[in-house]
Amino acid sequence: MDLHFTGARATPAERDAVDRVLGSPSSDPLGASARRERRHLLLPVLHAISERAGWISGGALNYACERLSVPPAEAYGVASFYDLFSTTPRPPVVLHVCDDIACRCAGAEDLCAALERVCGAAGSATAGQSATWLRAPCLGLCDRAPAALLATAGDSPAYRRVAPATAESLLSSLGSAPAGNGTAAEPLPYVGGTHVRLLRRVGSVDPESLDAYRDAGGYAALRRALEIGAERVVDEIVASNLLGRGGAAFPTGRKMQAVARAAGRTRYLVCNADESEPGTFKDRVLMEHDPFAVVEAMTIAAIATGCERGFVYVRGEYPQAARRLQAAVDAARRAELLGGNVMQTGLRFDVEIRRGAGAYICGEETALFNSLEGKRGEPRSKPPFPVDAGLFGMPTLINNVETLANLPAIVLEGGARYAKTGTPGSTGTRLFCLSGCVTRSGVYEVEHGVTLGALIAMAGGVRDGATLRTVLLGGAAGSFVGPEALDLRLTFEDARAAGATLGSGVVMLFDDRTAMPDVVRRIARFFRHESCGQCVPCRVGTVRQAEVLERIAGATASPGDVALLDEIGRVMRDASICGLGQTAANAIASARTLGLLEARA
Ligand SMILES: Cc1cc2nc3c(=O)[nH]c(=O)nc-3n(C[C@H](O)[C@H](O)[C@H](O)COP(=O)(O)O)c2cc1C
Ligand code: SF4
Ligand code: FES
């Protein structure tokens, strides 16, 4: 393949950033096709350039493309796909300010207005050209709303969370470089509930110490899994009736059986840690505060299904989770809990941590595979399903972080015993992310079957004793329910029967003072922005839907707009390729049914 480059050249710093990922040019494989085998490193390379220079220049892209033998036009298509990257010059300090729904309820618009007054419109550089601020979708910090993430590029790139944010803290963060990389001074997340199993180590066991993890019972499950053998592990998971926690509720055991059956072929394990559904932050809490549990669970899944290589795809806005996971992987490797001889059994499994770069669609499993392969994160048509042809075209087991986190308990206590918790259709416990107008935001772990009202009561009810107007269940792809749904039992089957979904575990409260048309408009804007544009119903539908919501929120809607919303929703649901388009109208339709779009006197 002939590659055509512009004359732009990388700076020494940009070359160094690329070389740190790919090694020195003298180590490049001979021949373009061998170099192209490393295409999956394109995203880590783009991260390295962006973190060093603050943006991705034409020269840096040329250099990366030469090294990987990728056409620059294609690499540009990848770089421009992701929100965290910029292909035009940008100051080294970028403050990402969440203006999504939970943060809106906590005054995010006032914060953005203050930034606009002092620093200019979003995207403009501050005096001295050293910093800028941008609006961002949910940063997965809804428990500490309003939230912002400060990213500083340079020789020692750094990230710092500013949450809960005030106008003063945001302005001062733009004026000065962040002090260090750590989040040591950050408060622990609030975790609660009635059956605290997955969360039991959060806040009480040092997430950076393998010894502490082992002292707290860690790695007993992997030992047991190795004793009982791969087939029995899969049998126990089938018996547990564990359903996936990433949103689609697919039986985990069935996926594992399918991948295990592909013996003789290279198989991959992927942990989906993209967690970009607005209102969701449970996976972040698990990864940041119990990272060894994620690594151990992945090892169990891999040994049971014959995968020798695993990836964790962590959303780009979670630098702390990626760092903690990387440290856990390194420690596990040193202790021979990963690598070529797992627990001296001769079995092989290793894990790589890969970071997303700001694209909600990359949580969709096939978009995620494309992203990992160094392509634009666009969903593939299914079938083939991942268990047959997933990452690099090979059988792949992909599971959500929380789903995987259940495996150690299933192995230790046995699938049948695990299945006694919850209901027959919804076994085990569930993590719920409570946020919005609630007294104690946080992650709550309860047995499936607890009612919505009881869960909200655990979190102290509606903030300031206000009256509950509605609850968003399951995230932006979920739906609003009214106070009459407080008796709803939180199970997959009860939610389905009520026309709702537990989705990714979002329970976001809105009181009767919230401007709901504005909240719903933000959801419509979110889908318009996140649609990958690959298929027409979603690409056009999300734009038209957002336009109608703008009119409704601005009180300029015409009588035909409601019928138009219904029609757009139907077309997107029926004709979109992937779950994004199929669910982009759900919350909006439920808001309409509940009368939330009507202005209140
Ligand atoms: C637009 C979209 C975004 C998604 N985002 C996530 C995500 O962030 N995390 C996740 O685990 N699953 C996400 N999913 C679901 C995945 O496609 C897939 O079903 C899941 O990773 C399977 O894991 P599970 O069986 O353990 O739930 C998303 C799906 C869609 C359509
Ligand atoms: S439904 Fe939307 S996000 Fe999914 S493939 Fe089509 S355009 Fe892309
Ligand atoms: S962090 Fe702002 S809505 Fe989630």
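## Around ligand 2

Ligand 2 has 14 residues around it, and the closest are Cys532, Cys535, Cys538, Cys578 and Gly581. Being near here means that a residue's C-beta atom, placed from the backbone, lies within 6 Å of the molecule or strand in question. Keep in mind that this is a predicted model: local features need pLDDT of at least 70, side-chain atom pairs count only at pLDDT 80 or more, and totals for chains, interfaces and linings use all residues. As for labels, residues are numbered from 1 along each chain as its sequence is written, while chains are lettered from A and ligands numbered from 1 in the order in which they are written.

Two helices, α23 (536-553) and α25 (579-583), each bring at least two residues to the shell around ligand 2. Helices (H or I, at least four residues) and strands (E, at least two) are DSSP runs, numbered from the N terminus. Sort that shell by class and you get eight nonpolar, five polar and one charged residues. Ala, Val, Leu, Ile, Met, Phe, Trp, Tyr, Cys and Pro count as nonpolar, Asp, Glu, Lys and Arg as charged, and the others, Gly among them, as polar.

## Helix α4 and its cover

Take a look at helix α4 (residues 58-68), which is mostly covered, with eight of its 11 residues buried. A residue is buried if 20 or more other C-beta atoms lie within 10 Å of its own, exposed if 12 or fewer, and partly exposed in between, with C-beta atoms placed from the backbone. The buried ones in α4 are Ala60, Leu61, Asn62, Tyr63, Ala64, Cys65, Arg67 and Leu68.

The cover over these buried residues includes α1 (12-22), α2 (32-36), α3 (42-53) and α5 (72-79); contact means C-beta atoms, placed from the backbone, within 7 Å.

## Two cis peptide bonds

Ala163 and Pro164 are joined by a cis peptide bond, with omega about -5°. You'll find Pro164 in the loop between β4 (158-162) and α8 (167-175).

Lys382 to Pro383 is also a cis peptide bond, omega near -5°. Pro383 sits in the loop between α16 (365-372) and β9 (396-400).

## Positive phi in loops

Tyr219 isn't a glycine, yet its phi is positive, near 75°. Its spot is the loop between α9 (210-215) and α10 (220-228). Tyr219 counts as buried because 20 other C-beta atoms lie within 10 Å.

Asp464, again not a glycine, has a positive phi near 60°. Asp464 belongs to the loop between α20 (452-458) and β14 (468-473). With 9 C-beta neighbours inside 10 Å, Asp464 is exposed.

Key:
Two residues are in contact if their C-beta atoms, placed from the backbone, lie within 7 Å.
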